[in-house]
Amino acid sequence: MFQALIVSPSNMTLGLTETMRLECSIKIVNKSLIAIVVSHSRDTVQPTFTYISSVSSFQGVNNYISDTSMYVTGAINNTGLSYLNITWSYPQEESAGLYKCEVNEIDEIGKPLRVSSTATVSVALPNIGSVISEINHLRKELSELKFEFSSLKNVVSLEISSLKNLFNNVDNKTETLQQKNENESAHWTAVDNQNKIRFASIENKTNSVVHMQENFVKTIASSRDELFISSNNFKGKKYLLTKEAAFFYPSLAQAVCTLFGGYLAEMDTSEEFNFVRTFVRSHGSQFMQVMAGGSDEGHEGHWTFRHSKSAVVSFWGPGEPDNYNGENCQNFYRNLDYRMADGHCIALSSTSVGFLCEVPA
């Protein structure tokens, strides 16, 4: 166990000593600390002690006298350092005398123990020498404070000047930005007005184009009905068969089909081929040939569709394609009950040739 009682200063000068500090501390080993108590006696020869303050494990810090100049802190720690500290501001003559620190604890076998330490504080009236010394000390501190204040004043003055300049710059920039914003606002107002005029013009032109498109669609629909027979819907598609024989050339036929949103017919499955063949057989009996989208023109023997560029699926009639006299275009051939055959890509109307378009339903 270690116990210490320290009072500083132990010799005070009345009216000149700023603070007096008492520190009572103890480090516990194999014991349980209950309380630290500090008491005081004015008489150092035959002391009669009065409790000043205490700290305990069950009440914490407790003061027994009313003294506004006294500040107390303390703590009990059974595994480390416990303490009770008292500080007086400008202690008076009654603060002199004998101080005692008592420690109450229980040892490892449960036996209560009490140990104490004492310290004496004396007081002296100030003499002329100590007063002069204190005045000189205060003068020195005052001089140092004046110097620090002057330095701080210069720093503050420079900071204020810098802030003023900064505020002036901000004000100038704010005015510039305001003027710029006003100019830009006027500019964008003018631009907005111009855009409104342009938009109105575009809107009028758009309406005109839409009107023309509507008329064009009506015309195309009317023309389609004049030129073609339309099949029923087959999986989102329809097939348009020319009503009368006409001069046939693949690019021209493809262009006509494109005009109606489609292309020369391409049969990819047996189901589609049978549907289209039935339609052609029912409505195209006036034609010897009905041209579709397959061709081996420019790549003899390798048949592909003109639109999709994919390989032609084999729905050929017996002995077809035979490339007779350079036949390179796929058609439904009446003499084969409208199975697929190859035929010449250029045909006059006298040869009873029609063509078939595939369009969205």
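This is a predicted model: local features need pLDDT of at least 70, side-chain atom pairs count only at pLDDT 80 or more; totals for chains, interfaces and linings use all residues.
Start with the whole structure, where a search finds nine aromatic pairs. A few selections follow.

**Stop 1: Phe228 and Phe260.** Select phenylalanine 228 and phenylalanine 260 and display the two rings. Their centres are 5.5 Å apart and their planes meet at 85°, so the pair is edge-to-face; the cut-off for that class is over 60 degrees. Next, colour by secondary structure. Phenylalanine 228 belongs to strand S11 (residues 228-230), while phenylalanine 260 sits in the loop between helix H2 (250-259) and strand S13 (263-264), so the contact ties together parts that are 32 residues apart in sequence. Both phenylalanine 228 and phenylalanine 260 are buried.

Phe228, Phe260 and Phe355 form one aromatic cluster.

**Stop 2: Phe234 and Phe275.** Move to phenylalanine 234 and phenylalanine 275. Here the ring centres are 4.8 Å apart and the planes are at 25°, so this pair is stacked, the limit being under 30 degrees. Phenylalanine 234 is in the loop between S11 and strand S12 (237-242), and phenylalanine 275 is in helix H3 (residues 270-283), so this pair ties together parts that are 41 residues apart in sequence.

Phenylalanine 275, at 24% relative accessibility, counts as partly exposed.

**Stop 3: Lys100 and Phe49.** Finally, select lysine 100 and phenylalanine 49. Lysine 100 lies over the face of the phenylalanine 49 ring, at 4.4 Å from the ring centre.

Notes: Residues are numbered from 1 along each chain as its sequence is written. Side-chain values use heavy atoms; hydrogens and water are left out. Rings of Phe, Tyr and Trp (its six-membered ring) pair if their centres lie within 6.5 Å; planes under 30 degrees apart count as stacked, over 60 as edge-to-face and the rest as tilted. Helices (H or I, at least four residues) and strands (E, at least two) are DSSP runs, numbered from the N terminus. Buried means under 20% relative accessible area, exposed over 50%, partly exposed in between (1.4 Å probe, protein chains only). A charge sits over a ring if NZ of Lys or CZ of Arg is within 6 Å of the ring centre and within 35 degrees of the ring normal.
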